[in-house]
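Please look through the model below with the sequence at hand, and then follow the paragraphs in order.

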Amino acid sequence: MENSLINNLSKPYKNLKIMNEQSNWLAACRVEDAIENGGVCVKHGEDQIALFYFTRRNEWYATQNECPHKKQMALSRGMIGSATDEPKVACPFHKKTFSLSTGECLSGDECAIKTYPVKIENGTVYIGTTPKS
Amino acid sequence: MKEPQIIVIGNGMVGYKFCEKLRSKTSSFNVIVFGEEPRRAYDRVHLSEYFNGKTAEDLSLSTENWYQEQNITLFLNNPVTEIDREQQKVYTANGLDYSYDILVFATGSGAFVPNIPGTEKEGVFVYRTIEDLDLISSYAKKARTASVIGGGLLGLEAAKALIDLGIEKTSIIEFAPRLMPRQIDAAGSDMLKSKLTDLGLQIHLNKNTTSIEGDGCITALKFSDDTVLDADMLVISAGIKPRDELAKACGIEVGPRGGIVVDQKMQTNDPAVFAIGECALYDGMIYGLIAPGYEMAEVLAANLCEGDKAFTGFDMSTKLKLIGIDVASFGDNFITEPDCRTIIFENKHKGVYKRINVSNDGQYLLGGILIGDATAYNLLLQTSNNRIVLSENPEELILAASGGSEPASGTGITSLPDSALICSCEGVSKGDICSAVANGSCENIDEVKKCTKAGTGCGGCLPMVKDLMTYTLKSQGKYIKNVICEHFNYSRQELYDLIHIHELKSYDAVLDALGKNDGCEVCKPLVSSLLASLWNEMILKKGNDVAQDSNDRFLANIQKGGSYSVVPRVPGGEITPDKLIVIGEVAKKYNLYTKITGGQRIDMFGAHLNDLPIIWEELIAAGFESGHAYGKGLRTVKSCVGSTWCRFGLHDSVSFAIRIEERYRGIRAPHKFKSAVSGCIRECAEAQSKDFGIIATEKGWNLYVCGNGGSKPQHALLLATDLDTETCIKYIDRFLMFYIRTADPLTRTATWLNKMEGGIDYLRNVIINDSLGMATQWENEIEKLIASYKCEWKEAVENPAIRKRFSHFVNAPEDKDPTIEFVEMRGQKRTAEWKTV
């Protein structure tokens, strides 16, 4: 486990393109506080952001924590996975799934969720608090 | 022009089939049918099912309107009494006469009653019609002992009926030195006899009955060896006698031992008169089975419609289940050395006897006999009938593992020619079935039955019809494999075995070894459940925690609003006042709503994620453990108070319920499962609505399985009776492991059983008779699961890394989710309604 973490840290994260235009970076947590292949919830003032460390794909994602279906603060507790190649999260309440990269709802017509940029610097995970979408 | 008029005498199975076949070919001809019995044609082959709850209407071959819809005039209760062949007229019991152009005898057969003094006595019956069965059934109420004369097919059926009617002692008397002398050999008869004896039947072979004793009603039978057997009633089932008396009276030629003589066209010596079914004598033989009767009906119907069919004899192979015992014979079953080579397999322990006769050059299967296990029958019959060349090791044909659907040889269904007759009752070939499936008209077994009629007669060919259907669908790429999701190309059962074989212990290891891409919310909980069922390790071990369903991940059920419920185990529903006080105090301290559940325990609702570890710490300190209300595994074992308090209780149901609950707690399964133990038949614990339920009897416990409450309630079925405690537990062990290994994901035991081929009988065979040979392995596996049980909540609160997960904010671990809202109701809190936009 230790080794895999170090290996991951030594590689650049695949999906973290440079997003310099983002000015409001929230220091969310340390990399080791995030849950591998799962999500945690980050408090941002009155807001809640779900942060996913998709270790298997070596990717990071952040979305709103509220599931738009029944307005539950729950997405960070959902299971992540993929549909063909699209990374997704399933809400634990009624298994509605959302794309982690675009926020689009993949099951039915619930509205999309907000997604946020993520960057890692010196072992700290930062979330850009201006939504991508 | 006036249509030619056909009169059919007799409304039995063959008479009906003739009408059906005729009408499927033409709507011309006026058809009039005269029946002697008061009801429409019914299924005489399955007559004994009348005693298992089937009604006369269930057994009926047609619906009430069928004759009218087909423009056929049917007279019931109105036998033909006389025939005037010169005038071409029949006279009937109601005094009227009708003209015919064509006359068809389908009068069938009656029971052959041997010339024994005393057959007229009260309490002596034959076994032929529904009326006979009604008479037997009402007389049986006052009888304790019964005898059946005749150890053939019908005699054994009759004996079964008497057992079903609750006769304490039933004996079978056979004149020949063996049972079913037309079908099986001496060794086969020995095996059948020992199995029947185990079932409580007395078998007397080589017995010649000389008189029926009794004053007015029967009391005993006397034999030529001067022995006497007490009997309160007697059923004579010593063979059949063709109903040819009417034909004989009007000068139609009959055989010396009965039967209306017919040629290949079913024509008698009068060109306007025909005979079909068991009243017809073709080539010196009466064909006393349903399939050749149907074939005769087909031949006649086709020829009346300008066809050119001929009846040239018929394969008399049979397969049947007698009192749960398979008996089959096919081809040349009695041929012996030196005319053939015989291969015999015998297993006295399991009551299996198989014999096949192979041609001297080893090339062809000539015939054979199967007792106790006839799963290979269809294939053997086809191999023999189609002269399929055998492999070098023909013994494999009968050495295939019991329970397997095909013998381990090259002669599968694929090697059969298209002309192979699969359903001999309806004359349906392999080609008929495969093309019906291939042209898209049917995709399931019911549609195949409807569209080809295959399997609608005796039903014996159904397994093979099903195999052919699956095979055809598969070859068309239509067969939809029951795979889990896009990440795993396996069924749950396959994955279970693969994980076991490869000894995989984490979700990622399983995905790497057996799956592809990144997994999803379908395969993750499924694999997690399999891992738990196989290894029973802590489910929140790093890596596996995120593959758990939400409730398993936090060892609690997420509720509306995002709070969780806390449910400690209360085995059997028994709880001390001190523990009740602890629950009350904990609920008060953490402001939890409390409710008694249907499973006899107490739910506490409204806990914040952050509070779960501390709440459980307090509960564990007071002696509670996880109730697994969140997991797909054992929920509760309800119990009534039983013999410790109840004045009706037979045994201590509470102690047994606690033992069961503690035995199976924490074991993960394809879905949740529930149980209950009742201390007597009043069934206060409602055990028959559970996945497995136990009810005390005078002698032990009755075990019921596969019940369900919920949206589709289903009563559990009785698996075994009067078990001692240890046997009862052993059967539950096997039952649960069989379920865990084979059920589809999220399938409760009731649905699992509903989908199971062979149903409760099959299940019973697997659990009690160990027909799959898995019992020992399953018992060992479940012992391992039981031995590795640990309270998950105890482990969770004692492990800092796991405990850390129980906080809402990663960057503010002390803060609770501020969005959770409660409102007040009846002095407690409840969650706020779903927020609307």
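The text that follows goes from chain A to chain B, and from strands and helices to single residues.

This is a predicted model, in which local features need pLDDT of at least 70 and side-chain atom pairs count only at pLDDT 80 or more, while totals for chains, interfaces and linings use all residues. Residues are numbered from 1 along each chain as its sequence is written, chains are lettered from A and ligands numbered from 1 in the order in which they are written, and side-chain values use heavy atoms, with hydrogens and water left out.

Chain A holds 1 helix and 12 strands, where helices (H or I, at least four residues) and strands (E, at least two) are DSSP runs numbered from the N terminus. Read from the N terminus, the order of these elements is α-β-β-β-β-β-β-β-β-β-β-β-β. Of its 133 residues, 58% count as buried; buried means under 20% relative accessible area, exposed over 50%, and partly exposed in between, with a 1.4 Å probe and protein chains only. Among the contacts in chain A with a separation of 6 or more, 46% come from residues 24 or more positions apart, a contact being heavy atoms within 4.5 Å.

Strands of a sheet pair through backbone hydrogen bonds, either parallel or antiparallel. Two strands are taken as paired here if DSSP finds at least two bridges between them. The hairpin formed by S2(A) and S3(A) has 2 residues between the strands, and A:Gly45 in the turn has a positive phi of about 60°. On the other hand, 6 bridges join S3(A) to the antiparallel strand S4 (residues 59-64) of chain A, where A:Glu59 is the bridge partner of A:Phe54. The hairpin of S3(A) and S4(A) has 4 residues between its strands, and there A:Asn58 takes a positive phi near 60°.

How many disulfides does the structure hold over all chains? There are 0, a disulfide being a pair of cysteine sulfur atoms within 2.5 Å. For A:Cys105, the closest cysteine sulfur belongs to A:Cys67 and lies 7.8 Å away, which is too far for a bond; A:Cys105 is buried, at a relative accessible area of 10%. The sulfur of A:Cys111 has its closest cysteine sulfur in A:Cys105, at 8.1 Å and again too far for a bond, and A:Cys111 is partly exposed at 47% relative accessibility.

In chain B, 5 strands form an open sheet of mixed pairing, in the order S33-S34-S35-S36-S37. Strands S33 (634-639) and S37 (717-723) of chain B stand at the edges with a single partner strand each, so one side of each has no neighbour in the sheet. From one strand to the next the twist averages 15°. Helix H20 (residues 653-664) of chain B packs on this sheet and touches S33, S34 (673-678), S35 (692-696) and S36 of chain B, with its direction at about 175° to that of S33(B); such angles run from 0 to 180 degrees between N-to-C directions, the axes being lines fitted to C-alpha atoms, for helices over the stretch in contact. Helix H21 (residues 725-742) of chain B lies across S34, S35, S36 and S37 of chain B and runs at about 10° to S36(B). Strand S36 (residues 701-705) of chain B is joined to the antiparallel S37(B) by 4 bridges, and B:Trp701 stands opposite B:Leu723 in S37(B).

The loop between S34 and S35 of chain B carries B:Cys684, which UniProt lists under "binding site" in an unreviewed entry; UniProt positions are given in the numbering used here, feature names are shortened, and annotations may be inferred rather than shown by experiment. B:Cys684 is exposed, at 58% relative accessibility, and, leaving out residues up to four places away in sequence, B:Cys684 touches B:Cys640 and B:Ser678.
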